[in-house]
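Okay, thanks for making time, everyone. I'd like to walk you through a model I've been looking at, so let me put it up on the screen.

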Amino acid sequence: MSTDRANWDDTTMRTFLELVIEQKNLLHWNQRGLTTLGWANLYPAFATATGLTYDKKQLLNKLNELKRVYFTWRDLQSHTDL
């Protein structure tokens, strides 16, 4: 397991999100997020596309963080009537 912190610049995050969307479009998604097959496809695709060796936990943590931020934003939009 890597102890280095992941550096999520805009390009890296965009690539990650595009790969997640690709897996979702392939129906490798359930109510909790990516399926086991979706994650199995995502890890090597991310490493190939970016050349970065982020471990599974780093990718999972980033996806969970992005989902939390999105749901907070969505809830605030409906709560404040914006």
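This is a predicted model: local features need pLDDT of at least 70, side-chain atom pairs count only at pLDDT 80 or more; totals for chains, interfaces and linings use all residues.

The C-alpha trace of the protein chain spans about 40 × 30 × 20 Å along its principal axes. There are 82 residues in the protein chain, and 27% of them count as buried. The protein chain exposes about 6300 Å² in total, with carbon and sulfur atoms supplying 54% of that. And if you take the contacts in the protein chain with a separation of 6 or more, 60% of them come from residues 24 or more positions apart.

Right, on to the helices. Let's take helix 1, residues 10-25, against helix 2, residues 36-50. Their axes are 10 Å apart, and the two pack at an angle of about 145 degrees. Which hand does the crossing of helix 1 and helix 2 have, left or right? It's right-handed. On the helix 1 side, the contact is made by Thr12, Thr15, Phe16, Leu19, Val20 and Gln23. Helix 2 brings in Leu37, Gly38, Asn41, Leu42, Ala45, Phe46, Ala49 and Thr50. Sort the residues of this contact by class and you get eight nonpolar, six polar and no charged ones.

Next pair: helix 2 with helix 3, and helix 3 is residues 56-79. Here the axes come within 11 Å and cross at roughly 105 degrees, so helix 2 and helix 3 count as roughly perpendicular to each other. Who meets whom? From helix 2 we have Trp39, Tyr43 and Phe46, and they meet Lys56, Leu59, Leu60 and Leu63 in helix 3.

Helix 1 puts in Met13, Phe16, Leu17 and Val20, while helix 3 supplies Leu59, Lys62, Leu63 and Leu66. By class, the contact of helix 1 with helix 3 comes to seven nonpolar, no polar and one charged.

Now the two residues I promised. Leucine 17 sits in helix 1. Is leucine 17 buried, exposed or partly exposed? Its relative accessible area is 32%, so leucine 17 is partly exposed. Leucine 17 and leucine 63 are 46 residues apart in sequence, and their C-alpha atoms are 8.4 Å apart in space.

Then there's arginine 32, in the loop between strand 1 (29-30) and strand 2 (33-34). Arginine 32 counts as exposed because its relative accessibility is 73%. From arginine 32 to threonine 53 is 21 residues in sequence and 25 Å in space, C-alpha to C-alpha.

That's my tour, so over to you.

Notes: Residues are numbered from 1 along each chain as its sequence is written. Side-chain values use heavy atoms; hydrogens and water are left out. Axes are lines fitted to C-alpha atoms, for helices over the stretch in contact, and angles run from 0 to 180 degrees between N-to-C directions. Helices (H or I, at least four residues) and strands (E, at least two) are DSSP runs, numbered from the N terminus. A crossing is left-handed if the near helix is turned anticlockwise from the far one by less than a right angle, and right-handed if clockwise. Contact means heavy atoms within 4.5 Å. Ala, Val, Leu, Ile, Met, Phe, Trp, Tyr, Cys and Pro count as nonpolar, Asp, Glu, Lys and Arg as charged, and the others, Gly among them, as polar. Buried means under 20% relative accessible area, exposed over 50%, partly exposed in between (1.4 Å probe, protein chains only). Accessible areas come from the Shrake-Rupley method with a 1.4 Å probe; for residues, only the protein chains shown count as cover. Angles under 35 degrees count as roughly parallel, over 145 as roughly antiparallel, 65 to 115 as roughly perpendicular and the rest as oblique.
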